[in-house]
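Please read the following note alongside the displayed model.

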Amino acid sequence: MNHAQIANVTTGLSALLLSMGALLTVMLYIGAGLLSSRHNRLKVWPWYRYVSFAFGIVCAAISVIGPIAYQAMSNFTMHMVSHLLLGMLAPVLLVMSAPVTLLLRSLPVRQAKVVASLLRSYPVRFISHPIIASVLNIGGLWILYTTSLYSWMHTNLMVHILVHVHIFAAGYIFTASLIYIDPIPHRLSYIYRSIVLISALAAHGILSKYIYAHPPEGVGVQEAQTGGKLMYYGGDFIDLFIIVLLCYHWYKNTRPREVLV
């Protein structure tokens, strides 16, 4: 299957199904939020979480369907736009929307306990550790852009799908492992998570420079340079959100408390 055939798949029936799935997901989130607010009137689900979730789903959707996804099949710069949306911006927005917390609030007690047990299971504990999540996220990108995987994903539909699923899932797990908005099995210190974040940002920046100097297989020099710069500066801009959130939580949890006399 060549580029054009895969592109036709992503813009045909699959695009329609994905669009409907994205819309349904947003509707389910809104419904869960309203239901939770009705049962917990003292803790109404914040409006900004609805906005964050909706924009996160939109970012993920337009990266795999529509004009950006179509052009990304043959244009490395647009591919990098898709990467930033799917693997970085969408995960940050979705983590900020606290979907796991909303799920636990919306489920009956018995089902909520099952979900909580899954969150404490060994597989979840393993992949949600910041170091493992960083390796899955940044390490996966190094493999994608420094091997033949990048060209392979454009000729094999299943590989194409799996790569995009990995980019999104790894980006989400990485963000959630550093920013404790939803329940997570680890409670590591802010210093520890900050060191992991700085290391991951450095590895991401080095990869963008490597792409600039060593284009992936099948990518022209000019496109690689433009895509590398977009990855470097665009990634830094999105990473700023994670840095701000981490520092805000750090300050909020360690600031001196007022003592009433």
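The numbered points below begin with conventions and then turn to the structure itself.

1. The model is predicted, so to speak of local features a pLDDT of at least 70 is needed, side-chain atom pairs count only at pLDDT 80 or more, and totals for chains, interfaces and linings use all residues. Residues are numbered from 1 along each chain as its sequence is written, and side-chain values use heavy atoms, with hydrogens and water left out.

2. How many cavities of 30 Å³ or more are there? The count comes to 3. A cavity here is a set of points, on a 1 Å grid over the protein atoms alone, where a 1.4 Å probe fits but cannot get out; lining residues have an atom within 4 Å of a point. Grid points are joined across faces, edges and corners, and a volume is the space filled by probe spheres set on the points.

3. The largest cavity has a volume of about 120 Å³. It is lined by 16 residues, of which G87, M88, N137, F174 and D239 are the closest to its centre. Two or more lining residues come from each of α5 (76–96), α9 (130–146), α11 (157–178), α12 (190–213) and α13 (221–254). Helix α5 gives the most, with 4 residues. Helices are DSSP runs (H or I, at least four residues), numbered from the N terminus.

4. By class, the lining of the largest cavity has 9 nonpolar, 6 polar and 1 charged residues. In this scheme Ala, Val, Leu, Ile, Met, Phe, Trp, Tyr, Cys and Pro count as nonpolar, Asp, Glu, Lys and Arg as charged, and the others, Gly among them, as polar.

5. The second largest cavity has a volume of about 40 Å³. Its lining consists of H83, G87, N137, G140, L141, H166 and I167. The lining divides into 2 nonpolar, 5 polar and no charged residues.

6. Buried means under 20% relative accessible area, exposed over 50%, and partly exposed in between (1.4 Å probe, protein chains only). G87 and N137 are 50 residues apart in sequence, while their C-alpha atoms are 8.6 Å apart in space. Both residues are among those closest to the centre of the largest cavity, and both also line the second largest cavity.

7. W47 is found in helix α3 (residues 47–64) and counts as exposed because its relative accessibility is 65%.

8. A98 has a positive phi of about 50° although it is not a glycine. Its place is in the loop between α5 and α6 (99–106). Is A98 buried or exposed? With a relative accessible area of 1%, A98 is buried.

9. Two further residue pairs may be inspected. I243, in helix α13, is partly exposed at 30% relative accessible area; I243 and S194 are 49 residues apart in sequence and 8.5 Å apart in space, C-alpha to C-alpha. L18, in helix α2 (residues 13–39), is partly exposed at 44%; L18 and I62 are 44 residues apart in sequence and 9.9 Å apart in space, C-alpha to C-alpha.

Key. 1 Å grid on protein atoms, 1.4 Å probe; cavity = no way out; pocket = protein on both sides within 12 Å on 5 of 7 lines; lining within 4 Å.
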